[in-house]
Amino acid sequence: RRCVLETAMTIKTNPLKHSELGQAAPAGLFVTDFDGTLLRSDRTFSQKDLTALENLAKLQITRIIATGRSMHSFLTVGVHNLPVDYLIFSTGAGVAEWPSRRLVRVVSLSKREVRHICAVLSEAQIDLMVLRPIPKTHYFAYSTAGEPGADFFRRIDLYSPYAEKLEDNGRNFGEATQILVIVPAKIGPATLEKVRSALPEFSIILTTSPLDGESTWIEIFPKGVSKSATAQWLAQELNALDGNTLSVGNDYNDIDLLDWATASYVVANAPTDMRERYASVVSNDNGGVAEAIKKWRTAQNGGVS
């Protein structure tokens, strides 16, 4: 294992087995979001989508899931036999080979960064959660400086065995995967602007709550951590740099990934403004991933499906 320090954050990487075995570079990369994109509303998978993913392997296209979930949360769904090659999790802070779950990249906020972010948010009376480093991201400490919304406490209840109150404003917490802010949707835009203005040196990711589907989640990571940045890192590691990439998503934390890929689609259950910005396919409940793959392959074949 090699450990590389960039500014204050910590990056740990392991060589990819793909590279170690001297395998040929993939013919392309396919990257899909998970919740609301590949995962259906009933927490199952469309057979159309699974078949489409299996067919990509025959074309030497590397299949990647990019999710905001931690590895712990991802494993609560029946994912062990998913036909994919890599998992980008915690919005890009971690990468694992699949299905072995072998970690190949982990990025963390340093102790100094955690202390700084907690101090800034506390002064602004913004409630927060500090998530432990990978692979224990489901453990976290929380602080209520303001008036938390219901979704803040909903997450604490959901992870009650792993939650604790933040001591001494995070001064002795140590490294962290991320810091999470959860606020009601009505104050989401104002809080996002406040956080971005106060912490410009970090990566600030906006997403809709996976719990109530309405509240605003604001994720704070080291600068450069995102789904797209990690997908680009993986592309470089695999020598897949010819630009043959497809991404599919459904929410605001997928925007950078959708902009990164040479072809991108959003499913029909994405917010209206995203469907106006990107080409769309049917919903996650109706095989949207399979349709995106079919359209991508048809375009590559000159319009012949």
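**View 1. Charges and overall build of the predicted chain.** The mean positions of the 32 positive and 34 negative charges of the chain lie 4 Å apart. Here Lys and Arg count as positive and Asp and Glu as negative, while His and the chain ends are not counted; each charge is placed at NZ of Lys, CZ of Arg, CG of Asp or CD of Glu. Please keep in mind that this is a predicted model, in which local features need pLDDT of at least 70, side-chain atom pairs count only at pLDDT 80 or more, and totals for chains, interfaces and linings use all residues. Residues are numbered from 1 along each chain as its sequence is written, and side-chain values use heavy atoms, with hydrogens and water left out. The chain has 10 helices and 16 strands, which are DSSP runs (helices H or I, at least four residues; strands E, at least two) numbered from the N terminus. The radius of gyration is 19 Å, close to the 19 Å from the globule rule for 305 residues, so the chain is as compact as a globular protein of that length. That radius is taken over C-alpha atoms, and the rule is 2.2 Å times the number of residues to the power 0.38. Buried residues make up 54% of the 305 residues; buried means under 20% relative accessible area, exposed over 50%, and partly exposed in between (1.4 Å probe, protein chains only).

View 2. Leaving aside residues up to four places away in sequence, Phe 34 touches several partners, including Leu 39, Phe 45, Ile 65, Phe 74, Val 77 and Leu 82; a contact means heavy atoms within 4.5 Å.

View 3. Phe 89 lies in strand β5 and counts as buried, at 0% relative accessibility. Beyond residues up to four places away in sequence, Phe 89 touches, among others, Thr 67, Arg 69, Met 71, Val 95, Leu 103 and Ile 134. Look next at Thr 91, in the loop between β5 (86-89) and β6. Thr 91 has a positive phi of about 55 degrees although it is not a glycine, and counts as buried at 1% relative accessibility.

View 4. A cis bond joins Trp 98 and Pro 99, with omega about 10 degrees; Pro 99 sits in the loop between β6 (94-97) and β7 (103-108). The bond from Ile 134 to Pro 135 is also cis, with omega near 15 degrees, and Pro 135 is found in the loop between β8 (128-131) and β9 (140-143).

**View 5. Helix α7 and the residue after it.** In α7 (residues 227-237), the buried residues are Lys 227, Ser 228, Thr 230, Ala 231, Trp 233, Leu 234 and Ala 235. An α-helix has 3.6 residues a turn, so residues three or four places apart point the same way. Following α7 comes Asn 239, whose phi is positive, near 60 degrees.
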